[in-house]
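Subject: Structure for your review

Dear colleague,

Please find below the structure I said I would pass on, followed by notes on what was found in it. I would be glad if you read the notes with the model open beside them.

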Amino acid sequence: GTEAFEKARREDKPLLISIGYSTCHWCHVMERESFENPAIAEVMNRHLVAVKVDREERPDVDRIYMTAVQAMTGQGGWPLNMFVTPEGKPFTGGTYFPPETRHGRRGWPEVVEAIGKAWKDPATRERLLAQGEGLTQATQEFLSPTTQSAVHRPESLENCFQSLAHAFDPDGGGFSHAPKFPMPVNLFFLFRYAAAMGGEAGEQAKAMVLET
C-alpha cells in the first residue's frame with residue numbers, strides 16, 4: 001500500500017517486499033527462523049521497511065517481482081525476498097535465506113546489514129538505483145502486453161472458464177485433487193465471468209464458487 005512507500009521515503013530506506021503463501025514450506029521456515037526472531041527483526045526494522053505479500057491474494061505483485069528476480073538470478077521461487085527503492089523499483093533479491101551463513105548461503109541478517117550499508121553510502125546507492133532502473137525496464141518490457149496478447153482475445157476468457165470447469169470437484173468443491181490450495185484470483189474471475197456472461201454458463205460459474 002501507499003503507506004509503506006511513504007514510510008520508506010520519509011525514513012530514507014529501501015523496502016523489503018517478501019512474497020509467500022500459506023502452503024509454502026520454506027516461507028514458514030524463514031518466518032520462524034528469521035522474521036519471528038526479535039534480534040533479526042530489529043536489524044530489519046533498522047535498515048528496511050518490511051512488507052509481506054500473499055501471492056494468492058496479489059498474483060499481480062508476485063508476477064512483477066518474480067519476473068525481476070528471475071531476470072537477475074536466472075531462477076525464482078518462494079519465499080521471494082526483493083529489495084526495492086521507495087518508488088517500488090527492484091534492485092536485488094533472492095528466495096530463501098537462512099538465519100546465519102551456512103552451506104554457501106549468506107545469512108539473512110548479514111544480507112540486510114549489507115543492503116542497509118550500501119543504501120546509506122552515496123556511491124553504492126547510485127549503483128543500486130542504476131541497477132533498479134535497468135531491472136525495472138527489463139521487467140516492464142517482458143510483461144508489457146502486445147496487440148496480439150492472448151489475454152485480450154475473447155476466447156481467452158472462455159478457455160480460462162473451461163479450464164476451471166474441467167478441474168472443478170462437484171462433490172467436495174474446489175478444483176483438481178487434494179491438496180486444493182486456495183486461489184482467490186480464480187474465484188474472483190468466476191464471479192466476474194458469471195456477471196459478464198449470464199445465462200447457463202454464468203450460473204455454472206457462480207455455482208462453482210458458491211460450492212467451493
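In this predicted model, α2 and α3 pack with their axes 7 Å apart and at an angle of about 90°, where axes are lines fitted to C-alpha atoms, for helices over the stretch in contact, and angles run from 0 to 180 degrees between N-to-C directions. The two helices, α2 and α3, are therefore roughly perpendicular to each other, a label that covers 65 to 115 degrees, with angles under 35 degrees called roughly parallel, those over 145 roughly antiparallel and the rest oblique. Glu-33, Ser-34 and Phe-35 of α2 meet Ile-40, Ala-41 and Met-44 of α3, contact being heavy atoms within 4.5 Å. Helices here are DSSP runs (H or I, at least four residues), numbered from the N terminus.

On sources: residues are numbered from 1 along each chain as its sequence is written, and side-chain values use heavy atoms, with hydrogens and water left out. Because this is a predicted model, local features need pLDDT of at least 70 and side-chain atom pairs count only at pLDDT 80 or more, while totals for chains, interfaces and linings use all residues.

The largest nonpolar core has 18 residues, and Phe-83 and Trp-108 have the most contacts inside it; such a core is a set of buried Ala, Val, Leu, Ile, Met, Phe, Trp, Tyr and Cys residues joined through side-chain atoms within 4.5 Å. At least two residues of this core come from each of α2 (25-35), α3 (38-47) and α5 (108-120), and α5 gives the most, with 6 residues. Leaving aside residues up to four places away in sequence, Phe-83 touches several residues, including Leu-16, Leu-48, Pro-90, Trp-108 and Ile-115. Another core, of 16 residues, lies apart from the largest one and has Ala-8, Leu-15, Tyr-65 and Val-84 among its members.

The model has 1 disulfide, counted as a pair of cysteine sulfur atoms within 2.5 Å, and this joins Cys-24 to Cys-27 with an S to S distance of 2.5 Å. The torsion about the S-S bond of Cys-24 and Cys-27 is about 80°, so the disulfide is right-handed. Both Cys-24 and Cys-27 are buried (under 20% relative accessible area, with exposed over 50% and partly exposed in between, for a 1.4 Å probe and protein chains only), whereas Cys-160 is partly exposed at 31%.

Lastly, Gly-172 sits in the loop between α7 (154-167) and α8 (184-197) and is exposed, with a relative accessible area of 53%.

With best regards
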